[in-house]
Amino acid sequence: RAFGGGGAPGAAGAGQQQTGPRTQAHDLTVDDARAMADASAAPSVKSVSPVVNASSANAAYAGTSHTIQQFVGTYPTYFEASNDPIDRGTYFTNDDVLNDRKVVVIGQTVNEDLFGTVDAVGRQITVNGVNFTVVGVLKTKGSSGFQDADDVAIAPLPAVQESLTGYGALNQIVVQAKTPKTVDAAQSEITDILNQRHGITGSNTADFQIMNQATLQSAISSSSKTFTVLLGAVAAISLLVGGIGITNIMLVTVTERTREIGIRKAIGAPRGAILGQFLVEATVLSLLGGLLGVAAGVIGSEFKVVGVKPVIVPSSIALALGVSVAIGLFFGSYPANRAAKLRPIEALRHE
């Protein structure tokens, strides 16, 4: 199912895996998490946070509703392990967990959609008909792939189990190592603990999977590089098509204005003047296209795309306009050079 991971100074996580031959599969439980938190069995582990995820969480406040992508039930140690700093308010506490209090910490997307400019801290939201009091708002984290990392709500584990998920298996257990150097040791320790508790011996396939932060980061980095290459290929094809269009338009322009070129050359216009004129025209044409593209990008960034709010880097605007100028100069050079090479007598004879 889900996989654990992430956090500072170091973290690993365990999640359910439902493949491979085995005698009997075991769910991840809170008792598994308690065993991982045993300092004698796992000396490299700093904190352990059992996690459940509500599959459907419809939140409402004062007539406004929002479907939360991630509604997490866990312990307070989860915030540090998953690197979720608070912006306003506070985290919930171990006392809230023990007393099954319906309190919640929300992400910026949930805060904006439900509360707008109203301070959310201390107010009640209804989640699937159950009242939760907002005690804190997380800092903005941005998007992760196609998932909005700020569209999240985190509440005490017992409150989420009682209200939304039931007291079934955990989705994952997030484990934080004491230091970055002890991540591998922590992973080995929790693997041994789960193997022992789940009866995994010999050739039996484990009914869980453990991934550490480095593995997750490597997978995300690989996906990002692939995505970047694909976008670059699409952009390159678009620039090539646009450049060919500029070349064709300018060639037609040169043909239509052949007599004009002949007259200018006949009265003494140098080759450079003709060349410069058509290069400027091609560049202005390309630059206008670049400005329209930038305008479309700025307007589009005001809307969410598959749940992700685009962010514009100012330097990218200058880069886009610079590439537009370069495309105009490059693809306009052939028509401009052709116009500059026309002989006056032949140009004047053109009908």
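Two strands are taken as paired if DSSP finds at least two bridges between them, and helices (H or I, at least four residues) and strands (E, at least two) are DSSP runs, numbered from the N terminus. This is a predicted model, in which local features need pLDDT of at least 70, side-chain atom pairs count only at pLDDT 80 or more, and totals for chains, interfaces and linings use all residues. Residues are numbered from 1 along each chain as its sequence is written, and side-chain values use heavy atoms, with hydrogens and water left out.

**View 1. Strand β8 and its two antiparallel partners.** Strand β3 (residues 57-61) is joined to β8 by two bridges, and these strands run antiparallel; within this pairing, A60 has T126 of β8 as its bridge partner. Strand β9 (residues 130-138) also runs antiparallel to β8, to which four bridges join it, and here V127 stands opposite V130. A hairpin is formed by β8 and β9 with two residues between them, and N128 in the turn has a positive phi of about 50°. Strand β8 (residues 124-127) carries I125 and V127 on a covered face, while Q124 and T126 lie on an uncovered one.

View 2. Helix α6 (residues 183-197) has 15 residues and reaches 21 Å from its first C-alpha to its last, close to the 21 Å expected at 1.5 Å a residue, where the expected span is 1.5 Å times one less than the number of residues. Its buried residues (under 20% relative accessible area, with exposed meaning over 50% and partly exposed in between, for a 1.4 Å probe and protein chains only) are V183, A186, E189, I190, I193 and L194. Seen down the axis of α6, these buried residues fall within an arc of 130°, so they line one face of the helix; the arc is that of the directions from the helix axis to the C-beta atoms. On the other side of α6, D184 and Q196 are exposed, and just after the helix G199 takes a positive phi of about 70°.

**View 3. R34 in helix α1.** R34 lies in helix α1 (residues 30-36) and is exposed, with a relative accessible area of 54%. The C-alpha atoms of R34 and P50 are separated by 9.0 Å, although these residues are 16 residues apart along the chain.

**View 4. Segments annotated as transmembrane.** An unreviewed UniProt entry places the feature "transmembrane region" at residues 227-252, 273-299 and 311-334; UniProt positions are given in the numbering used here, feature names are shortened, and annotations may be inferred rather than shown by experiment. Over residues 227-252 the model is 100% helix and 0% strand, with the end C-alpha atoms 38 Å apart.
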